[in-house]
Structure formats: C-alpha cells, structure tokens
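Hi there,

Here is the structure I promised to pass on to you.

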Amino acid sequence: MTENVLEVNDLTMHYMTRKGPVFAVDGVTFHVKRGEAIGLVGESGCGKTSIAISLLKLLPNNAKILNGEIKINDVDTVPLSDKEMNKYRWKNISMVFQAAMNSMNPVYSVEEQIAEAMREHMPHLSDQEMSEKIDYLFNLVGLDPALKTQYPHQYSGGMRQRAVIAMALSCDPDIIIADEPTTALDVIVQDAILKRIREIQEELNMAMIYISHDIAVIAEVSQRVGVMYAGKLVEMSSTEDIFHHPIHPYTMALMSSFPSIVGEKTELVTLAGEPPDLLNPPAGCRFHPRCPYATEICREQEPDFKEHAVGHYAACWHPGGVK
Amino acid sequence: MWKFLGKRFLQMFITLLMFQTVTYFLMDAQPGDIADLLTLNPDIPPAERERIRVDLGLDRPPAERFLKYIGNFYKGDLGVSFSQFPRPVTEIILERLPRTLVLFLSASVISFWAGYASGKVLAWKRGGVIEYSSTLVGVILYTVFTPWFALMMIWLFAVYLDWLPPGKFLDPILWLTAPEGIHANDVFVRMIWSVMIATGVMILGLIGTQRLSSQLRKTGRWVSFVVPFIGVFLYWRFASSGISLYAWDILQHLVLPVLTVTLIAYGGTMLLMRTSMLETLREDYILTARAKGMPEKIIRDKHAARNALLPVWTGLVFSIGSSLSGGIITETIFSWPGLGLTLLNAAQVEDIPLAMGALTVTGVMTLLSHLVADIGYAFLDPRIRFS
Amino acid sequence: MSTISSPVDATYIPLWRVRLRLFWRAVKTNWAMFAENPIGLFGLGLIIFFGLFALAHPILISTVWEAKIYDPVNGFDIEIPYHPSPPSAKHLLGTDPMGRDVLSQLMFSTRYEFALGMISAIVTVLIATSIGAIAAYYGGITDILLMRIVDLVIMIPYLPILIVMSALMRVGMIELALFIGILSGFGGTAIVIKSQALTVKVKPYIEAARISGGGDFHIIFTHMVPNLLPIALLYMMFVVTGAIFSEAVLSFFGLTEIDMSWGLMINTTQVFGYIMRFDAWYLLLPASLAITLLCAAFYMVGRALDEVVNPRLRER
C-alpha cells in the first residue's frame, strides 16, 4: 500500500455532441493521500463534475475517457468493464451527489437504500449487523435512527442530505467525493452539514474530494485545493498557498473576488470576458484571452502543469504574473 | 386508509348515480317512448294501448319514473328482457357477467405484466432495429382494427394451425352427451373459484416471505408460486375428475379470446412503459444506484422499472374503458356469450331493459376497476400512502 | 387596436404578423426535430398517401371509371356472373357480394374518414382547450366542477354508450363525429390541457395582460389559448385515431346510418356471410388494413409530435 489512495494521471475525457467533441476534462493530473481532504474549485462548466463522474466511471453514453489513468489503491480502473468497476464503486470510492434532493429513490425507505449497497458490497454482514451499522451511521451524520424506516419524501432537505452522506459512508469507502453537497440548502443548514462532514472526515480518517464553485466552502473543508479552468487543472497546492500565494493569474483573480474581512486590503480584480467555448477552445493557454499577463508564448503554446515550489503545481508561463 | 376508502366509495356512488341519470334521460328523450315499441302492432286497439301504457307506468311524470327506476336498480331489479321474455334482466346479467369478468381480468393482468416486463427491457436496450420494430409492433397492436385482428387470430390458430376452437363458450356436441346435472355455468364458476383461491394463497405466501431474512426469501417466493399451481392441478385431476373434461373444454375455448384481448391491450402498456422507463432512467437516483455499484439488473428492475411503473399504472386507469370496448368487440367476434355480446345483441334488437342493464353493469365494472386501480396506486407510491 | 398603436407608426407591425412570424420559426425548428423520427415520418407519409388516395377517387370516376359500374354505393358489374369476385384487371381488388368495386369503395370512403377525424378532433380541441384554460384560470369552484365532469366522462365506457345510443337513434357521420368529439373533449384531453394551462397561467405575460387591464375573456382566449395550441394539436392526432376506430367498429356492428365507410364494407362482408371465408380475403383485408393503417398513421404522428413538444422524451 502506498500513501496515495487515488492517483489521476493525464485524464482526458470528452462528450460527443452534435456540434463536435467537447473536452470537459483535459490532461488532469493529481493525487489524493490516504485520509486527506482536497478541494476542487472552478466556475460552473469547468469540468469539476465531469471529473467526479469519470472517477466513478458513471459516464453518460455520449462521454468517453480518451486517455490517462485513474488509480484507486494502485489499480488502474480506466480499462475495467462496468461490471468489474462495480466492485470499486461505493466500496472504495463513493459519492455524495449535487442534487441530493432527487438522489434517493422515492419508493424505497431510506434504510433499504442504504442496506442494499451493504448487501452488495459486504455480503458477510447479517441483517442484524446491517441494521446496527445503519443506526451508527445515522447517529454519525446527526439523524435520529428511528427515522430510518421512513421514505425520502418524509425528510426535509437537510435531513435528506444527511441521509445521503450516511449512505455514502455505508461501505467504509477509502475515498468519498462530495459534489456541491450543500448548494441546494439554506445557509444555516449548509453550515451545520459542512461542519459535520469535516468532523466525520477527520474522525474516520477518510480521503475526500470536495467539489464546489464556492471557494469559501472549499477553504473550510480541504487541506489542498485544485483550481480548474475550462477542463484543465491550472493550479494545485495547499489551501494556505492557494489563498495567500496563488501563482496562476486565474487563481489570483478568483481569490481577489472573495475579499477577506480581516485580512489586508487588496484591490478587487475583475475578470473580463467569458469562459471559453469548450467546443472550440483557444490555442495555447486556455486562459490567455482573459489573462492580464498574456504574452506571445501563451497564445501559441500550452504551459505544462509543473511544480513551481514544493507541492505547488501550476500550468502557467508567467507564474505569479511575472513577465 | 378507511377514510380514503369511504370517500372513494361515496364518490363512486355519486358518479354512478350521475351516470344512470344521464343514460336514463338520454334514453327517455328519444322520440317515441319505450311503449311505442311494444304497441306498434296495429292489431292492438288504442284503448288497449293506453292500458299497457298505464300498466308500464308510462303515464307517470319522468321524474317519478326515474326515481322508481333507480329504486328498483338498487333492489337488484332491472326489469324483464323483451327479447328473452320473460327472463329478468338481472338473471341474464348474472349468468353472463362471470364470463366477461374472466376475459377482462385475465387479459388485463397478463397484458399489464407482459407490457411492463418487455417495456422495461426495450427501454434499457435503446436504439437500433429492435427499438423501431418494437415501437412499430406496439403501435400496430394499439391501433389495429380489433374485429379484423380477432378474425386473423381465428384464422391463424383455429383454421391454419388448428390448435384451438374458433369461438363460442363450449363445444355443443361434447356437452350434448354430458351427464344430467352438469351445467356449464356451474363448472365455469368452480373454475373461477379454484383460480381465485390459488391466487389468494400465492399472494398470502408472497406477503409472508417479506418477513423472512434476505437469504430465505428467494426460496419462499418460489414455493409460494409453485404450490398453488400444483394444488389447482391436483384438484382438477382427482377431486373433481368427473367434470374436468368439461372444464378442459371451456378452458380451450377461453384461450383464444383471452389471447386476443391480451395482445390488443399489450401494445399500449408496452409503449407507455417504455416511454416512462426512458424518462425514469434520467433521474438522479438512477445515477446514485449506479454509483453504489449495484448490478444492472437491480438498477433496471428495482430502481428504474419500479418507478416507471407508477405512470403506467395511472395509464391503466385511462385504458380501462378501452379494454372493456376491446372486450365487447372480441366477444362478438368469438361469439363469447358475455356481457358485451349481450349488450350488443340487446341494442341490435332494441331490447331496451337488457341494453340499459348491461350498460349500467358495465359502468359499475368500470367504476370498480378505477377504485381498485386507485387503491393499487396508493400501495405502489409511498408518497400517496404516507400523506 | 389602432388607438394604442406604437408611437413610431412607421415601424408598427401588427400583432398577428409577429405571431405568424414566430409561428413559422417554431414550425421550422420543430420540423427539423420531427424529421429525425423515422416513425413519425412514416406516419406522415401514410397520411399523405391516404390523402392522395381520397383525392384520386373523383378524378377516376369522371375519367377512367364508368359510374354505372364503379359507383361505390350503387354500382354493379353486370358482366361478371358471380359476385363477390376475386381481383381481376378490371376490378383490382375484386367486387363485393353486391357487385360493387372494392377499390372504388375503399377510395370513396377515405374522404369521410378524414372528415370524421377532423371534425371530432376540432370539436375536442375547442372543448378541451376552453375547459382546460377556464379551469386553470379561474380555479376554485369552477375548476372543481369542471374537473368532476371530466372525471365522470373519463369513467364512462365509451363504446357501450355509443352502441346503446346508436341503437336508439339514427347516427350519421356528423352526429358520430360530434359525439366522439364531445366525449373526448370532456375526457383525458381536458386534464392534460389544464395542467399545461396551469403552467401558462403563471407566466409573466399573463400577469402583464391582467395589470394592463385585460378582461378575463380576453386574457384566456388571446393569451392563454394560443399557448395551449401546440399540445392541443398533439392530442388532436390521438382523437382522430379514436374517432376513425369508433366509427369503424359501430359501422361494423351495423349501427350507423352511413352510405359507405370502411367499417360498413366489413359489415357487408359479415352480413353476406363471408366474414369467416378466409379465401375471400379481398373483402375483408383492404378495409381492415386501411382502418388500421390510417389509425396507426395519426397515432405515430402524434407520438412523434409528443417527442417534439415534450423535451424530456428526447435522448439528449
């Protein structure tokens, strides 16, 4: 066993559309250590969710992984068939979905929906043990175990989200992906659930990938952060570095759009222009049309995603805005 | 639950009353009242004609006659048939009703199950030749001119292949030699009872297996499916071997009409299930189930099909009327002496009491089917059950 | 309208022209979607075929076919000794037991099937959109009353009532079309259109019309109903299927007062005792196939339109 529970190397995935291929994930490389929480942040449509569904290989019919490796506990899952992949889903890698409201089946009780995953992946458990484990999970996420026989429509939004988290934890996964799990909830519930997620992650010492467009949320839960732009990972480093010493101009712009109340006063940078059309992405660095530091080389050549400081990766010709 | 049932019963009763009112006054508003049909005979002198009119109560105001009609209906008196004088309408209908019920119920159950099972598979495997050919077959079965389809079934199975009798309820030559005391209706009713008891045992068995642990459940289900079948077989083989020959004859005559109505009803259910399944497959909880690493079969049957069933079940409510219509047409083509054929024949010879009686009973049947469908829906959808 | 025309009169475009232009644009985009569905195209092809088939009859009668022999109702071919006769060069689909040309009957009846389908579909749409729009717009007691009636009509077993009705009175094509139209207008179509009307009702332009002082009647019929028409058009297709089918069944039972129709052709076959004579296929097959195909054609077009109108059915 290595210390990396997940390794993604040069992952490229596209959707075939009527107008042509859309490269939603393009050459993404990162890793997650055992027990580590990382965050992925970016605007909507930048490929965050595409990465998540690629990791579980839940691709729609028109999507395809073209290149790269996804190593879960050192096993590359890209060449696996759907049936072989089923052994890894939930058991090794599970997910809390964006639309938690609808991610539970309305005609089965919450208990049944959690139990069915355990029956599939932990067949050695007896009915009794399963029931006890569900009680434990309910307590863990802050739900009353007496409610487990109820149906999803009888739960409130926040309760449903907690139940979905309990479900994701049911088979003791090595890594859990949380895709905007709190976006649909109101702020107070959002905060409580976020806190709970962080506590659980620390308590169970489980790896987590937290995906959000909200950089404040990401900062709260993750130890390292990756920033995505137009299907590419443009910068990745410790949360501290990303927030205080970003080196990619896009990250710099992103950070300054969230002014800190207590920190030093900085000028708010606004980004001109729109994120690129992924059907027809710009040549060279995809950020160059909006980048204040862009030069000739940015327009022609794509920068490599390389280490600029210890553990601080970025794909930029002018890191830190230096010409 | 009881409140729901009570409310639905009341609603049903009101609907039936409205239905009877509408049909009664439509009938009453026809030029030339019912008595004219009886008194058209020029040999009857005008005084006698007037006497018949008074005897029949036709001199009373329409409202009074209507109340009397409704009152008698709920006492079970539907009048006397003109064409089979002096048999009471109630007696004729009670004789014919089981035959129609068997045809209608077995065809509904089989076609619903078959449409559900094939619709889900067809939606799962999208695209290509199978998709278009199955849609085409579904559309053709749904829109085919029913009398012609029934005739083609007769041609194929009774004439060309010669597997089954072409029509009617029984084989008169065989029954001519039947011993004294064996009546077709008694045999038929006994057949219905044996099937109903077997079904009841099966359902009880399936409910009972719910309590078993997950390992034993499969065996339990299998047993509760097979045991009733064996029971019915043993009953007809040994316990009532004297009439099993005649029961077999009725059964043979039953197959083709049931198959025909089943196929006609199948098309619509299959198409609806397929569409509903395609919609369900885009739901988020299907993605969740896939993420959970559930096997394909469980995702398809347990998650997708179970939810896709709900609109199909609602669609069943809308199609009850049309399957009854299909039943009437099939009964006429197969000379199956059920309620539909009775209604049509009565209408053709202007036997008004019988036609009205058959029509009203058909209405009651529709209302009851709707009730059953509604209760079934409440069981299928926990969002209705717990609200 | 002229009193509140736009301040710049030179650029004023009448509302109907704007509507027409929007409509045309919608037709073009929807057609592109419709054309991707082979089953819908097949149905449309069948409808066009039957349309041409119906048009061809008067032309043939006035040119090639001698009226005395080929008249669909009163024709008789005296040169053939025994009727019904199997297909020949003179009678491509043979003659019926009364010596009439089957092909001529088949073509002649087509126009009535179209007329019947259209009349009942239009009646249905008129009733269903009015009920749906009024129930959705007013809500409350109006809604409850109308929906109770709809519930009742849905529960009514259609064909048995038609059978009893037609036994009691003379039912011709028009009466039948009206009857079917009214029954289906009050039935399931009204529910579907009402649910659509409920989504239209909360659109901002309805609110805008109300604020600018539009009367209820005006709002319902100039703002809501036009937006319900696409879905109404879709359900028209299914009504046509039902109408043609019902007419055929009733005529087959001999319960209608119609000179000639596909159902009646089969009825004639039955009355003369040829219904189980499977060697005389030319009596039964053409009319039955025509009924089936025309019903299927409208149904298939309806399904394809459904996929255009309801985006949730599309693949991506």
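A residue is called buried if 20 or more other C-beta atoms lie within 10 Å of its own, exposed if 12 or fewer, and partly exposed in between, with C-beta atoms placed from the backbone. By that count, buried residues make up 46% of the 316 residues in chain C.

Before the rest, a word on the source. This is a predicted model, in which local features need pLDDT of at least 70 and side-chain atom pairs count only at pLDDT 80 or more, while totals for chains, interfaces and linings use all residues. Residues are numbered from 1 along each chain as its sequence is written, and chains are lettered from A and ligands numbered from 1 in the order in which they are written.

Chain C has 12 helices and zero strands; helices (H or I, at least four residues) and strands (E, at least two) are DSSP runs, numbered from the N terminus. Its C-alpha atoms fill a box of roughly 80 × 45 × 45 Å along the principal axes. Two residues are in contact if their C-beta atoms, placed from the backbone, lie within 7 Å. Of the contacts in chain C between residues at least 6 apart in sequence, 72% join residues at least 24 apart.

Chain C also touches chain B, with 35 residues from chain C and 40 residues from chain B taking part. On the chain C side, the elements giving two or more residues are α2 (38-62), α5 (140-155), α6 (158-168), α10 (216-252) and α12 (281-309). That side divides into 30 nonpolar, four polar and one charged residue. Here Ala, Val, Leu, Ile, Met, Phe, Trp, Tyr, Cys and Pro count as nonpolar, Asp, Glu, Lys and Arg as charged, and the others, Gly among them, as polar.

In chain A, strands β11 (306-309) and β12 (312-314) run antiparallel and are joined by three bridges; two strands pair if DSSP finds at least two bridges between them. A:Ala309 stands opposite A:His312. The two strands form a hairpin with two residues between them, and A:Gly311 in the turn has a positive phi of about 70 degrees.

A:Glu180 has a positive phi, near 45 degrees, and sits in the loop between β7 (175-179) and α6 (187-204) of chain A. A:Glu180 counts as buried because it has 21 C-beta neighbours inside 10 Å. B:Ser335 has a positive phi near 50 degrees, in the loop between α13 (296-333) and α14 (339-348) of chain B. With 13 other C-beta atoms within 10 Å, B:Ser335 is partly exposed.

Best wishes
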